[in-house]
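Subject: Handover of a structure and the findings on it

Dear colleague,

Please find below the structure that I am handing over to you. I would ask you to keep it open while you read the notes that follow.

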Amino acid sequence: MAFAGVLNDADITKALDECKGADSFDYKKFFKTCGLAGKSADDVKKAFAIIDQDKSGFIEEDELKLFLQNFSGGARALTDAETKAFLKAGDSDGDGKIGADEFAVMVKA
């Protein structure tokens, strides 16, 4: 699992179970349940690096759509509505993507 050593597998499973249904994803609840909200800045940076699949230094919309699959390969893709809401919540500078600092703010929100 990509988050081994950063997050607890049981917490990840619980967080994924809470948003199994379409349009049930709530990033604040997810970050709390999986334990990321309580992690150090370093661990949040590690999580960002895992989610930033193309290593561009940003999490773009296509990476957000597959956000849950970073936590478990069998997880669902986010719906278009969830993806857009997630991006809007994290993209504080309006450039259409989420940078590492923006991600850290989201995780701690």
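Please bear in mind throughout that the model is predicted.

**The annotated binding site**

In this sense of the terms, Asp54 is placed in the loop between H3 and strand E1 (58–59). Asp54 belongs to a "binding site" annotation in UniProt, taken from an unreviewed entry, which covers Asp52, Asp54, Ser56, Phe58 and Glu63. With a relative accessible area of 47%, Asp54 is partly exposed. Which residues does Asp54 contact, leaving aside its neighbours within four places in sequence? They are Glu60 and Glu63.

Phe58 is partly exposed, its relative accessible area being 28%. Once neighbours within four places in sequence are left aside, the contacts of Phe58 are Phe48, Asp52, Glu63, Asp95, Lys97, Ile98 and Gly99. One of these contacts, Lys97, also places its charged end over the ring of Phe58, 4.4 Å from the ring centre.

**The annotated domains**

The UniProt record, again an unreviewed entry, lists residues 39–74 and 78–109 under "domain: EF-hand". Residues 39–74 are 44% helix and 6% strand, and the C-alpha atoms at the two ends of this span lie 24 Å apart. For residues 78–109 the figures are 62% helix and 6% strand, with the end C-alpha atoms 20 Å apart.

**Salt bridges**

Asp43 forms a salt bridge with Lys46, where the closest N and O atoms are 3.5 Å apart. Both residues belong to helix H3 (residues 41–51), and because they are 3 residues apart they are separated by about one helical turn. In general, an α-helix has 3.6 residues a turn, so residues three or four places apart point the same way. Asp43 is buried, at a relative accessible area of 15%, whereas Lys46 is partly exposed at 46%.

Lys84 forms a salt bridge with Glu61, and here the closest N and O atoms are 2.7 Å apart. Since Lys84 lies in helix H5 (residues 80–90) and Glu61 in helix H4 (residues 61–65), this pair ties together parts that are 23 residues apart in sequence. Glu61 is partly exposed, with a relative accessible area of 31%.

Lys65 forms a salt bridge with Asp80, with the closest N and O atoms 2.7 Å apart. Lys65 is in helix H4 and Asp80 in helix H5, so the pair ties together parts that are 15 residues apart in sequence. Lys65 is partly exposed at 28% relative accessible area, while Asp80 is exposed at 52%.

**Aromatic rings**

The count of aromatic pairs comes to 15. The rings of Phe3 and Phe71 have centres 4.3 Å apart and planes at 5 degrees, so this pair is stacked. Phe3 lies in the segment before helix H1 (9–18) and Phe71 in the loop between H4 and H5, so the pair ties together parts that are 68 residues apart in sequence. Are Phe3 and Phe71 buried or exposed? Both are buried.

The rings of Phe31 and Phe86 have centres 6.4 Å apart and planes at 55 degrees, so that pair is tilted. Phe31 is in helix H2 (residues 27–34) and Phe86 in helix H5, and the pair links distant parts of the chain, 55 residues apart. Phe31 and Phe86 are also buried. Ring pairs join these four residues into a cluster with others, among them Phe25, Tyr27, Phe48 and Phe103.

**Helix H1**

Which residues of H1 are buried? They are Ile12, Ala15 and Leu16. Seen down the axis of H1, these buried residues fall within an arc of 95 degrees, so they line one face of the helix. Ala10 and Lys14, on the other side of H1, are exposed. The buried residues of H1 pack against H2.

With kind regards

Technical notes: Residues numbered from 1 in each chain as written. Predicted model: local features only at pLDDT ≥ 70, side-chain atom pairs only at ≥ 80, totals over all residues. Heavy atoms only, no water. Salt bridge = Lys/Arg side-chain N within 4 Å of Asp/Glu carboxyl O. Helix = DSSP H or I, 4+ residues; strand = E, 2+ residues; numbered from the N terminus. Buried < 20%, exposed > 50% of the residue type's maximum accessible area, 1.4 Å probe, protein only. UniProt positions renumbered as here; feature names shortened; annotations may be inferred. Contact = heavy atoms within 4.5 Å. Phe/Tyr/Trp six-rings, centres within 6.5 Å; stacked < 30°, edge-to-face > 60°. Lys NZ or Arg CZ within 6 Å of the ring centre and 35° of its normal. Arc of directions from axis to C-beta.
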